[in-house]
Amino acid sequence: QVQLVESGGGLVQPGGSLRLSCAASGSIFSINDMGWYRQAPGNKRELVAAITNGGSTSYADSVKGRFTISRVNAKNTMYLQMNSLKPEDTAVYYCKSEIVTMARLRRNYWGQGTQVTVSS
């Protein structure tokens, strides 16, 4: 069994910063692409940032220059450093990872989500 657990969400004022973490655990052989998504009330879930196993990154235009995605492969952990936060960043943030299990089965796994609220 594989689990993804996010942490680090919370309430922050506009202009503030938060760092999200996503830790994968369980019967993991390898982790391929990883990504952060978010979903605000009434909106579709959208991709915020993604990172490959080799460390190549991509970002949604709305967060470029403010958010930084990273990962530590040895810890099966991914991070999202969010700076200069805006009220429109308010959403539930989810991590997603493509994981190959020890049984050599490959599939996408999602975390349970962490709430980020940007408000004064």
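Author: Residues are numbered from 1 along each chain as its sequence is written, and side-chain values use heavy atoms, leaving out hydrogens and water. In this predicted model, local features need pLDDT of at least 70 and side-chain atom pairs count only at pLDDT 80 or more, while totals for chains, interfaces and linings use all residues.

Reader: Why is E6 called buried?

Author: The relative accessible area of E6 is 5%. Buried means under 20%, exposed over 50% and partly exposed in between, with a 1.4 Å probe and protein chains only. E6 is therefore buried.

Reader: Where is E6 found?

Author: E6 is in strand β1, residues 2-7; strands (E, at least two residues) and helices (H or I, at least four) are DSSP runs numbered from the N terminus.

Reader: How do you know that E6 has no salt bridge?

Author: A salt bridge needs a side-chain nitrogen of Lys or Arg within 4 Å of a carboxyl oxygen of Asp or Glu. For E6, the nearest side chain of opposite charge is R45, 7.5 Å away.

Reader: Which backbone nitrogen atoms does the side chain of E6 reach?

Author: The side chain of E6 reaches that of C95 at 2.8 Å, that of Q112 at 2.9 Å and that of G113 at 2.7 Å.

Reader: What makes C22 and C95 a disulfide?

Author: Their sulfur atoms are 2.1 Å apart, and a disulfide is a pair of cysteine sulfur atoms within 2.5 Å. The pair links distant parts of the chain, with C22 in strand β3 and C95 in strand β9, 73 residues apart. Both cysteines are buried. A search of the whole structure finds one disulfide.

Reader: Why is the disulfide of C22 and C95 called right-handed?

Author: The torsion about its S-S bond is about 60°, so the disulfide of C22 and C95 is right-handed.

Reader: Which residues touch the most other members of the largest nonpolar core?

Author: Of its 30 residues, these are W36, L80, M82 and Y93. Elements giving two or more residues to this core include β1, β3 (18-26) and β9 (91-101). A nonpolar core is a set of buried Ala, Val, Leu, Ile, Met, Phe, Trp, Tyr and Cys residues joined through side-chain atoms within 4.5 Å.

Reader: What is M82 in contact with, leaving aside neighbours within four places in sequence?

Author: Contact means heavy atoms within 4.5 Å. On that basis, M82 is in contact with G16, S17, L18, L20, R66, F67, Y93 and V116.

How values were computed: A polar contact is a pair of N or O atoms within 3.5 Å; within protein, one must be able to donate a hydrogen and the other to accept it, and residues adjacent in sequence count only if both atoms are side-chain atoms. Lys and Arg count as positive and Asp and Glu as negative; His and the chain ends are not counted.
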